[in-house]
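I opened this structure to see how its parts are arranged. These are my notes, in the order in which I looked things up.

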Amino acid sequence: MNEQVAEAQRNIISNLAGWESAIAELYEKYAAALPELADFWGKLAKEERSHAALLNGLLKKIDQGFVFLNIGSFEWESIEREIHVILKALHAINTEGVTAKTALLTAINIESTLMESSFYSKTRS
C-alpha cells in the first residue's frame with residue numbers, strides 16, 4: 001500500500017477514534033451529573049469506548065497492509081465540528097450543570113450524526 005494512503009487512513013481513523021472517546025467522556029460526565037440516569041449514560045459511554053477500541057484495531061490492520069475503501073468520505077473538518085459540539089457540551093456541564101432533557105437532546109444530536117455518517121456500512125477493506 002502507498003504510504004501516503006496509509007497515513008491518510010491512519011489520520012482519519014485516529015480522528016474518528018478520538019471522536020468516539022470524546023463522546024464516551026461526555027456520557028460519563030452525564031452519568032456523574034445525573035445520578036438517576038447513571039446506568040443509562042454508563043452503558044452508552046461503554047458502547048462509545050468499544051467503538052473507539054474497534055477503530056484503534058483498524059489502525060493495526062492498516063499497519064498490516066489493509067486498505068479501507070470509501071474511508072476518504074470522512075473529512076477532518078466534519079469530525080472537528082462534531083468534536084466542537086462535544087467540547088461545548090462538556091464545558092456546559094462544568095460551568096452550568098446539565099438537565100436530563102439537555103443531555104438527551106445533545107445525545108440524540110450526536111447519535112444522529114453518527115448514524116448519518118454510517119462509517120461501518122460505508123467502509124470496507
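**Entry 1: ground rules.** I am working with a predicted model, in which local features need pLDDT of at least 70, side-chain atom pairs count only at pLDDT 80 or more, and totals for chains, interfaces and linings use all residues. Residues are numbered from 1 along each chain as its sequence is written, and side-chain values use heavy atoms, with hydrogens and water left out.

**Entry 2: the whole protein.** I looked up the secondary structure and found five helices and zero strands. Here helices (H or I, at least four residues) and strands (E, at least two) are DSSP runs, numbered from the N terminus. Along the sequence the pattern reads α-α-α-α-α.

The protein has 125 residues, and 37% of them count as buried. Buried means under 20% relative accessible area, exposed means over 50%, and partly exposed lies in between (1.4 Å probe, protein chains only). I noted an accessible surface of about 7400 Å², with 57% of it belonging to carbon and sulfur atoms. Such areas come from the Shrake-Rupley method with a 1.4 Å probe; for residues, only the protein chains shown count as cover.

I then looked at contacts (heavy atoms within 4.5 Å). Among those in the protein with a separation of 6 or more, 86% are between residues 24 or more positions apart.

**Entry 3: H1 and H2.** Two packed helices are described by the angle between their axes and the distance between the axes. Axes are lines fitted to C-alpha atoms, for helices over the stretch in contact, and angles run from 0 to 180 degrees between N-to-C directions.

I took helix H1 (residues 3–33) and helix H2 (residues 38–63): their axes come within 8 Å and cross at roughly 165°. H1 is therefore roughly antiparallel to H2. The cut-offs are under 35 degrees for roughly parallel, over 145 for roughly antiparallel, 65 to 115 for roughly perpendicular, and oblique for the rest.

H1 passes H2 in a left-handed crossing. A crossing is left-handed if the near helix is turned anticlockwise from the far one by less than a right angle, and right-handed if clockwise. I sorted the residues of this H1 and H2 contact into 18 nonpolar, six polar and seven charged. Ala, Val, Leu, Ile, Met, Phe, Trp, Tyr, Cys and Pro count as nonpolar, Asp, Glu, Lys and Arg as charged, and the others, Gly among them, as polar.

**Entry 4: H1 and H3.** For H1 and helix H3 (residues 76–96) I noted axes 10 Å apart and an angle of about 20°. These two helices are therefore roughly parallel to each other. The crossing of H1 past H3 is left-handed. Residues that meet here include Trp-19 and Leu-26 in H1, and Ile-83 and Ile-86 in H3. The residues of this contact of H1 with H3 divide into 15 nonpolar, two polar and three charged.

**Entry 5: single residues.** Is Thr-106 buried or exposed? Thr-106 lies in helix H4 (residues 100–117), and is buried because its relative accessible area is 17%. Not counting residues up to four places away in sequence, Thr-106 touches Leu-26, Tyr-30 and Ala-89.

Glu-28 is in helix H1 and counts as partly exposed, at 36% relative accessibility. Leaving aside neighbours within four places in sequence, Glu-28 contacts Ala-45 and Arg-49. The C-alpha atoms of Glu-28 and Trp-41, 13 residues apart along the chain, are 6.4 Å apart.
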